[in-house]
Every structure is written in structure tokens, then in C-alpha cells.
Amino acid sequence: MFEPSEEQAALIGAAREFCRATLPPGDLKEDDERERFRVDVIRALGEQGLCGIPTPEAYGGLGLGYLEYAMVLEEIAAVSASAAVSVAVTGLPQVILVGYGTEAQKTRWLPGLASGALLGAFALSEPESGSDAASLKTVAVRDGDRYRLTGTKFWITHGGYADVYVVMARTGGPGPKGVSAFLLPGDAPGLSFGKKEEKMGLRASPTVEIVLDDCTIPVDNLIGGEGMGFRVAMSALDSGRITIGATSVGLSRAALTYATGYATQRKQFETPIIDFQGVGFLLADMACRTEAARLLVHKAAWLRDNQRDYAQAAAMAKVVATDAAMAVATDAVQVLGGYGYTREHPVERYMRDAKVMQIVEGTNQIQRVVIARHLKHGAGLP
Ligand code: CAA
């Protein structure tokens with residue numbers, strides 16, 4: 001666990017090489033400035049097998065674990081956090097289908113999603129339902145052999161681009177037990193797209209409102225039975241929190257590497273600034289945070305891969321890794337001084353990208369709710 005195996009090292013090396021070649025710094029800067037989503041890059045990552053790492057080989061994935069998935073996401077995020085988030089989000093419908101899908105649903109969607117030929121999305125949040133996910137208002141009404149879905153979903157990564165959305169909608173009474181999960185094809189009648197958010201960071205990743213206006217889908221698109229939707233969503237988020245943690249480790253690493261390089265070259269008072277304790281200690285703390293975050297992410301992934309309880313560990317990894325990314329990226333800006341505050345260097349982008357990691361897939365306050373509930377029920381440390 002502390003050293004990648006030969007196979008893991010080869011996978012990491014291939015992902016690193018591919019991302020560096022496909023996403024040069026100039027393109028990343030332009031993607032950020034223009035809010036340009038590089039769907040071609042995500043498809044290319046898929047062709048390398050990197051969009052379906054934990055999906056079983058029988059359904060077109062690599063059939064590896066979350067540990068390998070976390071290692072690869074770290075590599076992608078060290079180049080582009082937006083690309084890593086895309087890989088993680090297109091992974092959510094996959095983990096849901098693997099866990100809860102029927103054979104027909106798996107066969108229909110998994111090979112395309114795992115190969116990057118299709119793009120997936122996850123639609124839980126609504127304008128008035130964020131942290132309180134069980135209060136969602138989108139309804140799904142059964143009408144013979146179809147469901148009719150009506151409502152609005154907010155903050156949807158890949159909105160307008162996805163070939164398939166997993167949508168949580170209410171089929172029963174209030175609260176979590178009234179929620180069901182559905183597969184909604186991107187071309188379903190009644191599906192349209194509202195505003196695209198203008199975000200502070202992660203600007204190369206599209207975040208879009210989706211509108212369901214009497215959107216009609218076959219009953220076969222129900223996932224896991226009526227009333228199972230909240231469980232489906234929560235368990236997907238447990239896995240997703242590992243991927244956001246891994247993405248944040250990649251961001252931290254990129255910020256640390258850049259700041260270290262700068263501090264080694266940059267001289268003031270005829271001395272490389274890394275040799276001033278004020279800067280050297282800042283970099284040392286950044287390194288400690290990055291390494292500690294990586295270990296927690298890998299531990300959560302290992303627990304998942306070994307069929308242990310991992311929800312608490314995933315929440316801990318998400319909190320620590322995303323808070324670390326925010327702190328490390330902010331300190332990287334500090335190390336570069338005035339230069340760090342300009343767009344000439346990527347560290348200001350890392351700082352903007354890091355902020356959203358503390359918010360997505362459950363705010364860090366919600367992660368603490370999850371951890372505290374586990375403690376209350378006697379779970380102790382994972
Ligand atoms: N796995 C399986 N089942 C779970 C579960 C889990 N991790 N967590 C809860 N459940 C089950 C419970 O067992 C319970 O079922 P029973 O009644 O049968 O026991 C049921 O779900 C309800 O659980 P709670 O009482 O704990 O529900 P709650 O309303 O108190 O909510 C919460 C708990 C942790 C606060 C939850 O609402 C939550 O995680 N909120 C944050 C939502 C979130 O992360 N949103 C992010 C959206 S996606 C995104 O960010 C963007 C993107 O592009 C991907």
C-alpha cells in the first residue's frame with residue numbers, strides 16, 4: 001500500500017504521460033479562461049481505459065480497485081482538476097449500475113461509459129435541496145409502462161453533454177424512503193438545459209441546470225426498485241468522496257511541485273527563497289499535508305477494495321484532502337508572491353479549483369455530520 005506495485009506504477013506512468021501530452025499548460029489556461037469543456041480529452045482518456053478503472057472487465061472496464069482509481073485520478077488532477085472531475089463524475093453512473101443495475105441496464109450503458117464513448121452524469125441536487133438531499137422535489141409518476149419526471153436539477157456536471165443521467169426523483173412520500181433513481185438518456189423527450197453556471201474555478205468542467213418537463217422514460221429505467229433511490233445516491237457518494245479526495249491530492253501535488261520549483265529558482269537577497277525558513281517551512285507543511293491526505297485517500301480506497309465499511313473513511317479522506325488542497329494551493333500563491341496572484345502562473349487556478357472540492361459531493365460540513373454519526377454509533381476510527 002505504501003509503494004505502488006509494478007502494474008500500478010505502469011498505470012500511473014501511462015496516465016501521467018498521456019495527460020501531460022494531451023493537456024499542455026497553454027491549453028489548460030485557455031480552457032479555464034474560456035470555460036471550454038474538452039469532451040474530446042475525456043473520450044481520449046476513456047480510450048486509454050481510464051474512464052472505467054473499477055468497472056468489471058465483463059462490462060468494458062479495467063476491473064481494478066479504487067486504489068488504482070485514486071492513483072490515476074491523482075495523476076490526471078495533477079495536470080487538470082477539471083478533467084479528473086469529469087472522469088470521477090462519469091464514474092458515478094457506473095458505480096451505481098455495477099451495484100444496483102439490472103443485467104440489461106449494465107449491458108446497455110456500462111461498456112460505453114467505461115470506454116469514454118458515452119458520458120455520464122449524476123443528478124441529485126436541486127435549487128432548494130443541497131445538503132438536505134432527502135428533501136428533493138422532482139417527481140416521477142408511473143403511467144403504465146413509463147415514468148413521467150418533472151422538476152429541476154441544479155449543479156449538474158456534464159449537463160447538456162451527458163449521454164445518460166442518473167436522476168433521483170420522488171415516487172413516494174416525503175423523506176428518503178420516497179426517493180427513487182432513474183436512468184435518463186440525454187435525448188429523452190422533455191429534457192432541456194437551463195443556465196450554465198459561471199464558476200470561480202473548475203471552469204473547464206460544465207455545471208448546468210437541467211429541466212425535466214414531463215420527461216418520459218420506460219419503467220425499465222428504474223434503478224434498484226422504487227424507494228431505493230436515496231440509498232443508491234448515498235452509496236454512490238461514499239465512493240465519489242474517495243475520487244474527490246484523490247483529485248484534491250493531485251491538485252495539492254501540482255501546487256506543491258510548482259511552488260517548490262519556483263522557490264528553488266527565485267533568488268532574493270542573493271539567496272534561493274526556499275533557503276529562507278519562512279518559505280522552506282511553508283513548503284514543508286504543504287508537503288506534509290499532501291502526503292497525509294494521500295494516505296487517508298488510499299486507506300479509504302483500500303477499505304472499499306477489501307469489502308470493509310468505508311463510508312466514514314471516505315468522508316474523512318474527503319475532508320482532509322480537500323482542506324489540504326485549499327491550504328496548499330493558497331500557500332503556493334503565497335510562495336510566488338505577486339507572481340502567484342497573476343494568470344502568468346497556474347497556482348491561482350489551483351487555488352480557485354481547490355475551493356470547490358470542499359463543497360462538491362457533500363460539503364465538508366456534511367462530511368463531518370457523517371463522521372460524527374459513525375462515532376455516535378460506536379464506529380471509532382476506520
Ligand atoms: N449508504 C447507504 N445507505 C445510506 C447511506 C449510505 N452512505 N447514508 C444513509 N443511508 C440510508 C440510511 O440507512 C437510511 O435508511 P433507513 O431509514 O432504511 O435506515 C436513509 O438512507 C436515510 O439516511 P439518513 O437518515 O442518514 O438521511 P438524512 O436525511 O439525515 O441525510 C446526509 C444524511 C448525510 C446529510 C445526506 O443527506 C447527505 O449526504 N447530504 C449531502 C448530499 C450531497 O453529498 N450532495 C452532493 C451532490 S453531487 C455533487 O456534488 C456534484 C456532482 O456533480 C457529482
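**Close-up 1. Helix α2 and the second largest pocket.** With 6 residues, α2 gives the largest share of the lining of the second largest pocket. This is a predicted model, and the pocket has a volume of about 470 Å³. Besides α2 (25-34), the elements that give two or more residues to the lining are α4 (66-79), α7 (229-265) and α10 (347-357).

**Close-up 2. What lines the second largest pocket.** Count the residues around this pocket and you get 23. Look for P25, L28, P346, R349 and Y350, which lie nearest its centre. Sorted by class, the lining has 10 nonpolar residues, 10 charged ones and 3 polar ones. Domain 1 (6-119) and domain 3 (231-376) each supply at least three residues of the lining.

**Close-up 3. The domains of the chain.** Here the chain is split into domain 1 (6-119), domain 2 (121-227) and domain 3 (231-376). Taken over C-alpha atoms, the centres of domain 1 and domain 2 are 22 Å apart.

**Close-up 4. Where domain 1 meets domain 2.** On the domain 1 side, 26 residues are in contact with 25 residues of domain 2. Between them, the two domains bury about 2200 Å², and 65% of that is on carbon and sulfur atoms. There are also 2 salt bridges across the interface of domain 1 and domain 2.

**Close-up 5. The side chains of E35 and R203.** Zoom in on E35 and R203, whose side chains meet in a salt bridge. The N to O distance for this pair is 3.6 Å.

Key: Residues are numbered from 1 along each chain as its sequence is written. This is a predicted model: local features need pLDDT of at least 70, side-chain atom pairs count only at pLDDT 80 or more; totals for chains, interfaces and linings use all residues. Side-chain values use heavy atoms; hydrogens and water are left out. On a 1 Å grid over the protein atoms alone, a cavity is a set of points where a 1.4 Å probe fits but cannot get out, and a pocket is an open set with protein on both sides within 12 Å along at least five of seven lines; lining residues have an atom within 4 Å of a point. Grid points are joined across faces, edges and corners, and a volume is the space filled by probe spheres set on the points. Helices (H or I, at least four residues) and strands (E, at least two) are DSSP runs, numbered from the N terminus. Ala, Val, Leu, Ile, Met, Phe, Trp, Tyr, Cys and Pro count as nonpolar, Asp, Glu, Lys and Arg as charged, and the others, Gly among them, as polar. Domain bounds come from an automatic or database domain assignment. Contact means heavy atoms within 4.5 Å. Buried area is the accessible area (1.4 Å probe) that two parts lose on being put together, summed over both. A salt bridge is a side-chain nitrogen of Lys or Arg within 4 Å of a carboxyl oxygen of Asp or Glu.
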